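Hi,

Here is the structure I promised to pass on. Have a look at it first, and then read my notes below.

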Amino acid sequence: MSTAAPIARSLVLWVPDWPITASIRVSPLPADVPLALIDKGQVFASSAAARAEGVQRGLRVREAQARCTELIVRPYEQQLDQRTFETIVAEIEELMPGVQLVRPGICAIRSRGPARYYGGEKPAGLALVTLLDELGVAGACVGIADGPFTAEQAARTATNSKRVRVVPAGDAALFLRDLPINLIEQPNLVVLLRRLGISTLGEFAALPADDVLGRFGELGAHLHALSGGLDSRPIVHRIPPQELDLAVAFEPALDRVDQVTFGVRAAADDFVQTLVARHLVCTSLRVEIETDLGDYSERSWLHPRSFTAADVVDRVRWQLQGSAEVDSGLRSGVTRVRIVPESVDAIGNHEVGLFGAGPDERVHNGLSRVQSMLGHDGVLVAVMSGGRTLADRATTVPWGDRPLLSHSPGEPWPGRLPAPFPGTVFPAPHPVHVFGPGGSSVGVSERGVLSARPVRFASSASGREIREITAWAGPWPVAERWWDAEVSRNINRFQIVDDRGIAWLLVLDGENWSAEARYD
Amino acid sequence: MSVAIDTIEHMFEYGDMAPASATLAASSAVSSRPSVRELQERIRSMQATKLDSRLIPTHPAIAGLLPGGGLKQGSTYSLDHSATLMMALLAAPSQAGSWCGVVGVPEFGAEAASSFGVDLERLVLVPNPGDQWLAVTAAIADVMGVVVVRPPKRASDGNLARLAGRLRQRGSTLIVLGTWPQSEAMISLSQSEWSGIGDGFGHLSARQVTVTVSTRMGGRPRSARLWLPDPELQFAPVAIASHPERYGSERHNPERHDSEQQDSGSYLRAV
C-alpha cells in the first residue's frame with residue numbers, strides 16, 4: 001500500500017436530518033411533529049416522528065400520507081438547506097476558524113488547532129456540540145479521526161449519549177473494518193462489490209491496491225484508500241464571504257407599511273453605500289420579513305439594472321403590501337426586516353454613460369411610480385413565448401423582473417395559428433354559443449368530424465345578439481400534453497367571420513364553445 | 001382692412017351669403033379664395049391647443065386622413081374599438097424609437113402587436129389600473145411618447161383639462177379607445193371584409209376596411225379603404241381607392257353617409 005500524503009486529523013460535524021432541521025428553522029413547527037419534505041413527488045427527507053410511523057425516503061407522497069395521517073408535507077428546497085447551514089457555519093467560524101463545508105449538514109475542520117486550544121480532541125468536539133445546542137440545532141454529532149471520511153463515519157456512529165466519537169490516530173482501518181460497503185456512496189460500485197462477495201469496508205480494503213486500480217480505475221482506487229482509512233484529502237477551509245446583509249429590527253413591532261418603509265429607508269442607504277464601497281452593485285436581492293405573530297415571508301426581487309436605495313425601500317413596501325391593497329394595515333406587527341443581496345456585480349459594468357443612460361432612466365422612474373400606485377404586478381411587459389394557444393405565446397412579466405421562459409418562442413410549434421394574429425385576446429375564455437342549421441348544436445366527434453356546419457353564433461354567454469356566420473374554417477385540433485392532467489389540452493379551434501365583418505377565434509372544448517380571441 | 005374684415009365675415013357664413021357682400025364676393029371671388037384659406041388656417045392655429053404642434057411618425061396609409069397629416073404631439077385621438085387599428089397607430093412611433101403605454105386594456109394581443117411592428121421591448125402594459133386610471137395615464141404620459149387608454153368611466157372636466165395640459169407640456173399623444181371630449185379626431189372603422197376564408201376552408205389572411213376620420217373642426221369626414229392588414233401583414237391603401245374622397249362618395253350608400261354626417265354633427269355639439 002502506498003501512502004502519498006500525510007493524513008490530517010479531522011473533526012467532522014454532522015447534523016442528522018439537516019433538510020428537516022432547516023425547514024423547521026425557517027417556518028417553526030414543534031420538533032415532534034411528523035414532517036416530510038417532498039422532491040419530485042417522493043419523500044426526500046422525513047423527521048424522526050415521521051420515520052417512527054414508517055415514512056421513508058423514496059415513498060410516494062400519497063403512500064407516506066397513508067402511513068402517517070398527520071404528516072405535514074412541504075416541498076424540499078435545496079437552496080434553503082444551503083442558506084440555513086450557512087448561518088451555522090458562520091457561527092462555527094467564530095469558534096473555530098478554517099471550516100470546510102462538505103454539504104449542508106456536514107462540515108469538516110482540521111482538528112489540530114482546536115485540539116491544542118481546548119486541551120484535547122474530545123474537549124474540542126464537546127465545545128462544538130455545545131455551540132450547536134446553543135444555536136438550537138438538536139442532535140448534532142462530532143467525529144474525530146484520521147481524514148474526513150473516517151471522521152464522518154465516526155460522527156454518524158456517535159450516539160445520543162456519547163455525541164463526540166474519537167477514533168485514535170492510526171485506528172482508522174480498524175474502525176472502518178466492519179462498516180457496510182454502501183458507505184462509499186457509489187451505488188454502481190457497491191452493487192458490483194456485493195456481487196463479488198464484498199460487503200464491508202474492511203473486505204474491500206483488504207484487496208490489493210494495484211488490482212483495484214487496474215479493475216476499477218482512479219475512482220475505485222480512491223474509494224479503496226478511503227475504506228482503508230487512508231483518506232489523504234486535505235481540508236480546504238472556505239473563505240468566509242463578505243457580509244453584505246442588512247437587518248433592521250423594530251422594537252416595538254410596527255404595524256403600518258409606511259412606518260416600516262420609513263424605518264428601512266436609512267438602512268437601505270447604508271446597504272447601497274456598503275456595496276458601492278466594495279465596488280459592487282446588487283442586481284437581485286431577497287427580502288425577509290418577520291412579524292410578531294411568527295409569520296415569515298421571503299421573496300426574491302430582480303432588477304433590470306441595479307438597486308438604488310429607493311428601489312430597495314420600494315421592494316420592501318411591495319412585499320408588505322402583498323398583491324392588491326395599497327393602504328391596508330398589516331395583519332401583525334413587523335419585528336424584523338432583512339435584506340440579502342442574492343447576486344452582486346462589479347460596479348464597472350453598471351456605470352452610467354457619460355451622457356446618461358438616455359430616456360430609459362426616465363421611463364424606469366416613471367413606471368416605478370406607477371408600480372408604487374398599483375403594486376409590483378400592476379405594470380407589465382409582454383414577452384413572446386412558445387406554445388400553441390395565444391395565451392401561451394405571450395407571457396407578461398412585471399416591469400423590472402427578468403423574463404423566465406419555459407418554452408422557446410423560436411421553435412416551430414406546429415398547430416399554432418397562422419398570421420395575421422388577433423388584436424384582442426380575451427384574458428379568460430369568453431363563453432359563446434354556436435348553432436348549426438335550424439338551431440342544432442355543433443360538435444366535433446373523436447375522429448375530428450364536424451356534426452353540423454356552423455350557421456349562427458351568439459357572442460355572449462346569455463345567448464342574445466345572434467349573428468349570422470358568413471365564413472368559417474376549422475376544426476383545427478390542438479391536443480397537447482396528454483401525459484400531464486393539469487396542463488393537458490384537447491380542443492378544436494375555429495375561425496369564423498360574422499355578418500358585421502368581425503372575425504373570431506372560437507374554441508370548442510368538449511361541448512363548451514368559447515371565444516379565445518377577436519380579430520377587430 | 002375693411003376688405004379683410006369682410007372676408008373674415010363671410011368665412012363664417014356657410015352656404016347662403018348676405019346679398020350685400022355677394023357683390024364683393026363675386027368681384028373678388030377668385031382673388032379672395034387663397035386668402036380665405038390662409039385665414040382659415042390662421043383661425044385654426046389660434047384655436048389649436050398648441051402653437052407649434054409637431055407630428056409623430058404615423059403610418060402613411062392613415063396619416064393622410066388625419067387633420068394636419070399625422071398624429072400630433074400633445075393631442076388626443078379617439079378610436080373606435082379596433083385593436084388592429086390601434087396597433088397600426090402604435091407601430092410607426094414604436095419603430096421610430098418611442099415608448100408606448102397601454103392602460104386599461106387587459107385583452108391586448110401582444111403577438112399581433114409584435115407582428116404588426118410594435119417593439120415589445122418598448123411597450124408597457126397596465127392592464128387593470130382600476131379607479132386610478134387617470135393618475136396612471138398621466139404618470140405614463142409623462143415618460144412615454146404614445147399612450148393608449150380605455151377609460152373605465154367618465155372623468156370630471158377639470159381632471160380632463162389637467163390631463164390635456166400635461167399631454168401638451170410633455171408632448172405625448174393620447175389615443176383613447178372610446179369617446180373623449182376634446183379629441184383632435186375620431187377614427188372609426190366600418191365595412192370590414194375578410195379574405196382567405198371560405199365556407200369551411202382556408203384561414204383568415206387579409207382584411208379590407210373603411211377607415212373614417214371625423215374631426216373636431218367639422219368638415220366632411222374623410223375616409224379611405226385600407227388593407228388592415230394585407231396578406232403580408234402590412235397596412236396599405238386598397239389600390240382601387242386611390243382617391244379617398246371619390247371612393248367615399250361612390251361606394252358609400254347615401255344613408256350611411258348621412259348618418260355619419262349626423263354623427264359628426266352631434267359629436268360637434270358635444271364638444
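A:Lys40 sits in the loop that links β2 (35-39) to β3 (42-46) in chain A. Helices here are DSSP runs of H or I with at least four residues, strands are runs of E with at least two, and both are numbered from the N terminus. At 79% relative accessibility, A:Lys40 is exposed. On that scale, buried means under 20% relative accessible area, exposed means over 50%, and partly exposed is in between, using a 1.4 Å probe and protein chains only. A:Lys40 also has a positive phi, about 55°, although it is not a glycine. Most residues other than glycine have a negative phi, and most peptide bonds are trans.

Before I go on, some housekeeping. This is a predicted model, where local features need pLDDT of at least 70 and side-chain atom pairs count only at pLDDT 80 or more, while totals for chains, interfaces and linings use all residues. Residues are numbered from 1 along each chain as its sequence is written, chains are lettered from A and ligands numbered from 1 in the order in which they are written, and side-chain values use heavy atoms, with hydrogens and water left out.

There is another positive phi in chain B: B:Gln191, not a glycine either, has a value near 50°. This residue belongs to strand β6 (residues 185-197) of chain B, and at 33% relative accessibility it is partly exposed.

Next, the cis peptide bonds. One joins A:Gly474 to A:Pro475, with omega about -10°, and A:Pro475 is part of strand β18 (residues 466-480) of chain A. Another joins B:Leu228 to B:Pro229, with omega about -5°; B:Pro229 is in the loop between β8 (222-227) and β9 (236-237) of chain B.

Now the chains as a whole. Chain A has 15 helices and 21 strands, and 46% of its 520 residues are buried. If contact means heavy atoms within 4.5 Å, then 55% of the chain A contacts with a separation of 6 or more are between residues 24 or more positions apart. Chain B has ten helices and nine strands, with 50% of its 271 residues buried. The corresponding share of contacts in chain B between residues 24 or more positions apart, again out of those with a separation of 6 or more, is 60%.

A:Arg74 is worth a look. You'll find A:Arg74 in strand β4 (residues 72-75) of chain A.

A pair of helices in chain A comes next. The axes (lines fitted to C-alpha atoms, over the stretch in contact for helices, with angles from 0 to 180 degrees between N-to-C directions) of α1 (residues 18-26) and α4 (residues 78-95) come within 9 Å and cross at roughly 80°. That makes α1(A) roughly perpendicular to α4(A), a label that covers 65 to 115 degrees. Among the residues that meet there are A:Trp18 and A:Val26 from α1(A), and A:Leu80 and A:Phe85 from α4(A).

A:Leu13, in strand β1 (residues 9-14) of chain A, is buried with a relative accessible area of 0%. Its C-alpha is 5.4 Å from that of A:Cys107, 94 residues apart along the chain. By contrast, A:Ile239 is exposed at 72%, in the loop between α11 (209-227) and β9 (246-254) of chain A.

Last, helix α7 (residues 133-143) of chain B: ten of its eleven residues are buried, so the helix is largely enclosed by the rest of the structure. Among those buried residues are B:Trp133, B:Ile140 and B:Asp142.

Cheers

Note on methods. Angles under 35 degrees count as roughly parallel, over 145 as roughly antiparallel, 65 to 115 as roughly perpendicular and the rest as oblique.
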